[in-house]
Amino acid sequence: MSAVPNAALPNELAATRPTTPRYALYFAPPAQSPLWRFGSAALGYDAETGTEPAPLALRRFDAARWREITAEPRRYGFHGTLKAPFRLAPGRSEDELRAACARFAENRAGFASPGVKLASIGRFLALRLAAPSAALDRLAAGTVAALDDFRAPMSEAEREKRLRAPLTPRQQEYLARWGYPYVLDDFRFHMTLTGTLDDEERALAEAELSEHFAASGADGPLIVREIALYRQEAGPFRLIARFPFGS
């Protein structure tokens, strides 16, 4: 599989994003797993190596349009959100965050969840669990709560952006308390593959991705043995550490 060095990544990835780093706690499949290879190829970006993997062999899209379709999720890297992106609270350091992640992980045991399948979520495409997973829901809820002391309060601009979406009263409460509306009872595990699309293009993208996913060998159970810490400075998020359970 060919790769492009980080310095040569396209402009939409190399452009400076936040003025201070952002962090996120994600589920990331093992780097050599079929699921990671599929997701990274679909997005055109490997968040662990910071390289651009060999692209999918597309039949319904040209390369330029596919990069546009996947531009938004590519900025975050392939992942399933456990704790959404945040900036560090005043007085907190990355070393302290890493230590807290390690402590959190060492008291957890690995588990298997149902496999994932391609699905539409509103106007974008993602991989979703084939069946609910109480263990994954508990992991996400625990991650949100255990590491929240490291999260800086939202800026007014960030709050206003979130409130533009139609949120339920409970989601507005979660936003105020946890800095993100889709947590706890409103958490739905997914791994985003495209930005928003109209109906016609979404159908084409779904057919394209379905073929590649079926051929990838990534349709087995989701084995969860660790959490991953991602960081965004200049450019997209990078996977900077994995914290195995029970270590």
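**Helices and a strand in a predicted model**

Ala105 is found in helix 5; helices here are DSSP runs of H or I with at least four residues, strands are runs of E with at least two, and both are numbered from the N terminus. The model is predicted, so local features need pLDDT of at least 70 and side-chain atom pairs count only at pLDDT 80 or more, whereas totals for chains, interfaces and linings use all residues. Residues are numbered from 1 along each chain as its sequence is written, and side-chain values use heavy atoms, with hydrogens and water left out.

Is Ala105 buried or exposed? Ala105 counts as buried because its relative accessibility is 0%; buried means under 20% relative accessible area, exposed means over 50%, and partly exposed lies in between, with a 1.4 Å probe and protein chains only. Leaving aside neighbours within four places in sequence, Ala105 is in contact (heavy atoms within 4.5 Å) with Phe243, Pro244, Phe245 and Gly246. The C-alpha atoms of Ala105 and Thr143 are separated by 9.4 Å, although these residues are 38 residues apart along the chain.

The helix that holds Ala105 may now be viewed as a whole. Helix 5 covers residues 94–106, has 13 residues and reaches 18 Å from its first C-alpha to its last, close to the 18 Å expected at 1.5 Å a residue; the expected span is 1.5 Å times one less than the number of residues. Its buried residues are Glu94, Leu97, Ala100, Cys101, Phe104 and Ala105. These residues lie on the same side of helix 5, because they cover an arc of only 130° around the axis, the arc being that of the directions from the helix axis to the C-beta atoms. An α-helix has 3.6 residues a turn, so residues three or four places apart point the same way. The cover over the buried residues of helix 5 includes strand 2 (22–27), strand 4 (80–86), helix 6 (134–146), strand 10 (226–232) and strand 11 (238–244).

Gln171 has its place in helix 8, which spans residues 169–178. With 9% relative accessibility, Gln171 counts as buried. Not counting residues up to four places away in sequence, Gln171 touches Pro166, Pro181, Tyr182 and Asp186. Buried in helix 8 are Gln171, Tyr174, Leu175 and Trp178. Seen down the axis, the buried residues of helix 8 fall within an arc of 100°, so they line one face of the helix. On the other side of helix 8, Pro169, Glu173 and Ala176 are exposed. Helix 6 and helix 7 (156–163) are among the elements that cover the buried residues of helix 8. After helix 8 comes Gly179, whose phi is positive, near 80°.

Ala112 is found in strand 5, residues 111–113, and counts as exposed because its relative accessibility is 54%. Ala112 touches Leu222 and Ile223, not counting residues up to four places away in sequence. Ala112 and Arg225 are 113 residues apart in sequence, yet 8.6 Å apart in space, C-alpha to C-alpha.

Finally, two helices may be considered together. The axes of helix 2 (residues 34–43) and helix 9 (residues 199–216) come within 10 Å and cross at roughly 155°; axes are lines fitted to C-alpha atoms, for helices over the stretch in contact, and angles run from 0 to 180 degrees between N-to-C directions. Helix 2 is therefore roughly antiparallel to helix 9, since angles over 145 degrees count as roughly antiparallel, under 35 as roughly parallel, 65 to 115 as roughly perpendicular and the rest as oblique. The contact is made by Pro34, Leu35, Phe38 and Ala42 of helix 2 and by Leu209, His212, Phe213 and Ser216 of helix 9.
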